[in-house]
Each structure stands twice: as C-alpha cells, then as structure tokens.
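Hi everyone, thanks for making time.

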Amino acid sequence: MSRSALVGNVTAMLEDAGFLVSDRCAIRPKSFDIAARRGEDVLLVKILGNIDAFDARTGGEMRRLGTYLNATPIVVGLRTRDEDLKPGVVYFRHGVPVLSPDTAMDLFVEEVPPLIYAAPGGLYVNIDSEVLADVREEKEWSLGRLAKELGVSRRTVSKYEDGMDASVEVAAQLEELFEAPLTAPVSVLEGTEDIRDDEPTPEDPDVAPEDEPIATVFTRIGFEVHPTDRAPFKTVNENARRREQVLTGHSAFTEAAEKRARIMSSVGEVTRTRSVYVVDELTRESVDGTALIEEAEMEEIEDADDLRDLIMDRGVDPEEEELA
C-alpha cells in the first residue's frame, strides 16, 4: 500500500469514528500528517508504512506540540523493517505511541482499547493490582504460593500487587489460576507516560533569526513563544492568562506560503487555535481563516487585544468569498 493511500485510509477511519480531521500537511519537513479532534480528544497523527523511519527529532517535535496544543501525538504504521505490527498492541518510538491500522480501528471506531504494549524484553500488560490482591486473598493464597505457581520470586508477586506490569505470559497464567480478568487497558490518549520510552522531551529549538522580530512582539504582548522545528507553522504562541493560542507563519507571500496558511487554518480549526501569517507586503487579508498581517503592522501591535481585533477584522478574504 502506498503511503498516500495509507494516509487516506487512516483519515477516512478517523472521520468514520466521528473525528474532525484537518487537511493533510503536504509540506516538508513535517512532524505530523493530520490533526484530528473528537470532543476534547485531540490527536496529532504521523502515518508511516515503516515506523523505523520515525526518528528522534520528529518524535521530540510531536511531543512538544502535543504539550502546547493539548493533543496526543500518535503514529499509525504498518510494520518495522523486520515484522508487521501486531494488532491489539501499542508500541512506542521516541516516547510516542505507535498503533497498527487495525489497533487504531479498534480503539477509535469500535472503542475497544488495546490491552498489550511492547517494551524492551517483550510484550506486557497492565495488571489491575487491587483486583489481583483481592482475588489472591479470597483464595487464601500466600504470596509464596502464588510465586511458586508462577515460577517467580515472592518479591516479584509483591511488585505485581504494587502496580508493576507483567508479561503477557504471566498475565495469562494469573487469569487462568484465578479464573478472573486481571488486565487493564492501555490508555493511549492519556496515562501512557508511565510505560513509554523513558526519554525527556527535548527543549524548544531556537527562534530562527528572521523570525525574531515577530517572536519579540508576541513576547512583549504577553505570549510565551514556542518555536517549531518541522511543523507547518513557525511558532506556537501561548497566553496562559487569556487561555489563548496562536499559530504563526512568516515569509514572503508566495504560493508555498499560501499553502502553509491554508494548512495552518485547517489545523487551527481542529486544535481550536487562531492562526496568523506575517508577510512582507499585504496583497489580501486572509487565507481560509488564517489572518495575513504585514510585518510593519505586527510591530505596531501594543497588546493582546490589538492582535485579537486585527485577526477578527481580517475575516474572510473577499477573493475567497467570490470563489465560494
């Protein structure tokens, strides 16, 4: 299956599951392919045939963007160099959960979360430690007896009851011994921090020299500026006091800039953020809801209200209204 067809299939699957899906981020370099939202759940999705192509730089960027945009970064992929991804298993690459299309379908369409995750050493499951302790005590089994049945140490059994996860094989043994379900689903949308790769999220990259005047304006009017490395926008700007976020691009207004502005608008609709593209010379007022602002206008903005008013005033470009 071509990557383009795979992106189309994943997009259609998410739409069938009730997600609002952004346009594809058809630019390079890019950290994610699509953004999607259903209710309060927001996803940033990278779609790959071979997940070995997912590198640490992209993983770090997706994790940073997930933090800024209150979104879950995920990868949907078919295989590694050595094998196909198993259905029902969550993998991790550079701190980002990785699902096969079948696992994603179960999770988002059927609403059946995966029970297994891959980690160094094999496949594991979350053991419901309280249920395990309760059923062991109901059977009046000691820690030592259960350890003997499992072929592990008493200390290991104690760790299971303290919340340590177990291999798939041990979990199956436990459920057979006690004739009770003991596993808990892997929460992909939240709570994966405890089981994913133990690597810190990289710091923000530096602001590009040509973007420093724009970043300075945002900082002056109360925003925290987060530069990006390989996103369709140059920065994510957050004003915590106003609970406001703005995606920003900056360049001459070329065909490529117009394409980026359209993608920013689509991503902004999904993530509920405003978007602004700063240009050298204004030839129109907006692109699909992304406000266009001249660099000279930007430097004259005095506070966050001025920026908001300018974005709202730009509205829809008359040229686009005629096309509609």
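Predicted model: local features only at pLDDT ≥ 70, side-chain atom pairs only at ≥ 80, totals over all residues.

What does its side chain pair up with? There's a polar contact of 2.5 Å between the side chains of Glu 161 and Arg 136. Leaving aside neighbours within four places in sequence, Glu 161 also touches other residues, including Ser 129, Leu 132 and Leu 143.

Leu 143 takes us to the next helix. H5 covers residues 143-150, H6 covers 154-161, and the two pack at an angle of about 105° with their axes 8 Å apart. That angle makes H5 roughly perpendicular to H6. On the H5 side, the contact involves Leu 143, Gly 144, Leu 146, Ala 147 and Leu 150. H6 brings Arg 154, Val 157, Ser 158, Tyr 160 and Glu 161. Sorted by class, that's six nonpolar, two polar and two charged residues.

Okay, now the nonpolar cores. The largest one has 35 residues, and Phe 32, Leu 65, Phe 233 and Val 267 make the most contacts inside it. Several elements give two or more residues to this core, among them strand E3 (41-50), helix H2 (56-68) and helix H9 (255-271). Which of the elements gives the most? That's H9, with six residues. Apart from this core there's another one, of 24 residues, including Leu 14 and Val 186.

How values were computed:
Residues numbered from 1 in each chain as written. Heavy atoms only, no water. Core = buried A, V, L, I, M, F, W, Y, C linked by side-chain atoms within 4.5 Å. Buried < 20%, exposed > 50% of the residue type's maximum accessible area, 1.4 Å probe, protein only. Helix = DSSP H or I, 4+ residues; strand = E, 2+ residues; numbered from the N terminus. Axes fitted to C-alpha atoms, helices over the stretch in contact; angles between N-to-C directions. Parallel < 35°, antiparallel > 145°, perpendicular 65-115°, else oblique. Contact = heavy atoms within 4.5 Å. Nonpolar A, V, L, I, M, F, W, Y, C, P; charged D, E, K, R; others polar. Polar contact = N/O pair within 3.5 Å; in protein donor to acceptor, adjacent residues only side chain to side chain.
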